[in-house]
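Thanks for joining; I would like to go through one model with you this morning, starting with some backbone details and ending with the core. Please have the sequence and the coordinates open as we go.

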Amino acid sequence: MNDSRDFLTLNVGFIVHQTVGYTRDFPIEAPSVYLPPDMNLSDLKGFVRVTRTAQGLLVQVNMKASTSSECVRCLVDFQQPLEADFTELYAFTLNQTTETGLLMPESGKIDLAPMLREEMILAIPISPLCKPDCKGLCPVCGENLNETTCNHEDDDIDPRLSALRSLEKE
Ligand SMILES: [Zn+2]
Ligand SMILES: [Zn+2]
């Protein structure tokens, strides 16, 4: 597996010397990328737009990807689609920084990996579902009801309730 994420380090030093309003798009595409310490993304695709402003370089990121996740209902591993859409200013001087406090590095290179990881983690749902209408597992036999039907589907899950039902039938 290729762990390289060099493509997330953009060499934007030359934009500093452009006039205010200059914009450059960097297309990003990678089959997979590891964002340390804990995130693996697949099918990363999107773009980064860097604009020269009076205060610094405005970096707009829009990227889609997916990450392996476990469905809370059927416990199957699936690829959770994620999207990151954020804007950061890399200021030229300390008193021009925004609340994130980012400064334009002297190297002229900005590493998007830490921010991308943060945004992608925020995009992960608290209760991931393999699909919105996932049927989950049968509480009686544990079969995955997306793939198969078992005879328990119409039965009542709660034994007290089924006792009540059998009383009604009498
Ligand atoms: Zn599921
Ligand atoms: Zn069942």
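This is a predicted model: local features need pLDDT of at least 70, side-chain atom pairs count only at pLDDT 80 or more; totals for chains, interfaces and linings use all residues.

**Backbone details and the core**

Leu 75 sits in the loop that runs between strand E4 (56–70) and strand E5 (77–91), and its phi is near 65 degrees, which is a positive value in a residue other than glycine.

Let me turn to another residue with a positive phi, Asp 43, where the angle is about 50 degrees although this residue is not a glycine.

Still on the backbone, which peptide bond is cis? The bond from Pro 36 to Pro 37 is cis, with omega near 5 degrees, and Pro 37 is found in the loop between strand E2 (23–35) and strand E3 (39–52).

Now for the core. The largest nonpolar core contains 23 residues, and those with the most contacts inside it are Val 59, Val 61, Met 63 and Leu 116. Two or more residues each are given to this core by E2, E3, E4, E5 and helix H2 (113–123), with E4 providing the largest share, 5 residues. If we select Met 63 and leave aside residues up to four places away in sequence, Met 63 touches Ile 28, Leu 44, Lys 45, Gly 46, Ala 84 and Leu 116.

How values were computed. Residues are numbered from 1 along each chain as its sequence is written. Chains are lettered from A and ligands numbered from 1 in the order in which they are written. Helices (H or I, at least four residues) and strands (E, at least two) are DSSP runs, numbered from the N terminus. A nonpolar core is a set of buried Ala, Val, Leu, Ile, Met, Phe, Trp, Tyr and Cys residues joined through C-beta atoms within 7 Å. A residue is buried if 20 or more other C-beta atoms lie within 10 Å of its own, exposed if 12 or fewer, and partly exposed in between; C-beta atoms are placed from the backbone. Two residues are in contact if their C-beta atoms, placed from the backbone, lie within 7 Å.
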